[in-house]
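Let's walk through a protein model together, one question at a time. Have a look at the sequence and the structure, and then follow along.

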Amino acid sequence: MRLGINLGYWGAGMDADNLAVAQEADRLGYDVCWAAEAYGSDAATVLTWVAAHTESIDVAAGIFQIPARTPAMTAMTAATLDSLSGGRFRLGLGVSGPQVSEGWYGVKFDRPLARTREYVEIIRKAMSRERLSYEGKHWTLPLPGGPGKPIKLTVHPEREEIPLYIAAIGPKNLQQTGEIADGVLLVFFSPEHAEETTLQHLRSGREAAGKTLAGFDVCPTVPMAVGDDIDALADLFRPYTALYVGGMGSREQNFYNKLAGRMGYAKEAAEIQEKYLAGDKEGAAAAVPRELIDSTTLLGPVERISERMSAYADAGVTTLSLAPAGFSLEERLASLRAGVAALDRAGLA
């Protein structure tokens, strides 16, 4: 099992620290560094900056938002980043959510699965450097009746195929991801619930494509906090869990809330959402079950984290991306080193 580091969103006042974290992960032999975007910093610029200041770690979009760019622009960006980084780029895609898609980008959040499939097909076609023409329900290239003509990408990526990941949570999205992508980006992944919430759907998609899970990268981002007081460490992640389970998307379309329900926390997830949407964020955080936090994070001393890493590996995880807690750079760097120590202790390096 490989290790990754997830820097999350840039621009929160810790940019210099984030770069130092990426450089230390590079030095320690981490496999990949992910950067996210929502409606602040864009991931492409951040990844260019990180790639220019590291040597061997892969830089990866976790994720590029599909409503933010046309598929051809995403192909251009991926090809450029792969070329500039010397073949170290990975492309992660996701549909975002209805609030960001419609409120920020002005793109209707409808038929996300069909949009994703067409988006990926266009990207793969553009990246192959054949002349780009496509007829779908959401994109038609070139536009009919106008001056446009099929053209091809002029940039040569470093590699013939850039690894393509999709952020997926729901069963149908997971199945499609298994069918059309090279890997999946996961959050709130619990080893104890891996089969019924995730793997069976990915496997079904792989089978539909005539493939198996062999070579497919199962990559959850897992929050991590090192220390001896497990309860205090778990409390660090209460606001984070409450935000996603209670406040992401809308009351009707919250993928994370539904995931918590599939993990056996439907009643608790409903309470968290009710309090969060009513403005009671502290109450929502307090309503998060300790067991839910513990099953979806890495908490405790190195020995305990090592045992949990073994559980993730046994559940089929191939790249474990860490999101270390801590407000100081020293705490985050210490977590990076603890991650390597835990992986070595588990015999997974």
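Q: Where is Tyr9 found?
A: A word on the model before we start: it is predicted, so local features need pLDDT of at least 70 and side-chain atom pairs count only at pLDDT 80 or more, while totals for chains, interfaces and linings use all residues. Residues are numbered from 1 along each chain as its sequence is written, and side-chain values use heavy atoms, with hydrogens and water left out. Helices (DSSP runs of H or I, at least four residues) and strands (runs of E, at least two) are numbered from the N terminus. Tyr9 is found in the loop between strand 1 (2-6) and helix 1 (15-28).

Q: Is Tyr9 buried, partly exposed or exposed?
A: Buried means under 20% relative accessible area and exposed means over 50%, with partly exposed in between (1.4 Å probe, protein chains only). The relative accessibility of Tyr9 is 44%, so Tyr9 counts as partly exposed.

Q: Which residues does Tyr9 touch, not counting residues up to four places away in sequence?
A: Contact here means heavy atoms within 4.5 Å. With residues up to four places away in sequence not counted, the list for Tyr9 is Asn18, Ala36, Glu37, Ala38, Ser41 and Tyr244.

Q: How many Å apart in space are Tyr9 and Asp42, C-alpha to C-alpha?
A: In sequence, Tyr9 and Asp42 are 33 residues apart. In space, C-alpha to C-alpha, the distance between Tyr9 and Asp42 is 8.5 Å.

Q: Why does Thr177 count as buried?
A: Thr177 is found in helix 6 (residues 171-180). Asn173, Leu174, Gln176, Gly178 and Ile180 are among the buried residues of this helix too. Thr177 counts as buried because its relative accessibility is 0%.

Q: Which backbone oxygen lies 2.8 Å from a polar atom of the side chain of Thr177?
A: Leaving aside neighbours within four places in sequence, Thr177 is in contact with Ile166, Ala168, Gly183, Val184, Leu202 and Phe216. At 2.8 Å from a polar atom of the Thr177 side chain lies the backbone oxygen of Asn173.

Q: Which helices and strands do the buried residues of helix 6 pack against?
A: Helix 6 has buried residues including Leu174 and Ile180. They pack against helix 5 (112-127), strand 8 (164-167), strand 9 (183-186) and helix 7 (194-208).

Q: How much space lies in the largest cavity?
A: On a 1 Å grid over the protein atoms alone, a cavity is a set of points where a 1.4 Å probe fits but cannot get out, and lining residues have an atom within 4 Å of a point. Grid points are joined across faces, edges and corners, and a volume is the space filled by probe spheres set on the points. There are two cavities of 30 Å³ or more. The space in the largest cavity is about 70 Å³.

Q: Which helix gives the most to the lining of the second largest cavity?
A: About 40 Å³ of space lies in this cavity. Its lining is Phe188, Val245, Tyr256, Leu259, Ala260, Met263 and Leu292. With four residues, the helix that gives the most is helix 10 (residues 255-277).

How values were computed. Polar contact = N/O pair within 3.5 Å; in protein donor to acceptor, adjacent residues only side chain to side chain. 1 Å grid on protein atoms, 1.4 Å probe; cavity = no way out; pocket = protein on both sides within 12 Å on 5 of 7 lines; lining within 4 Å.
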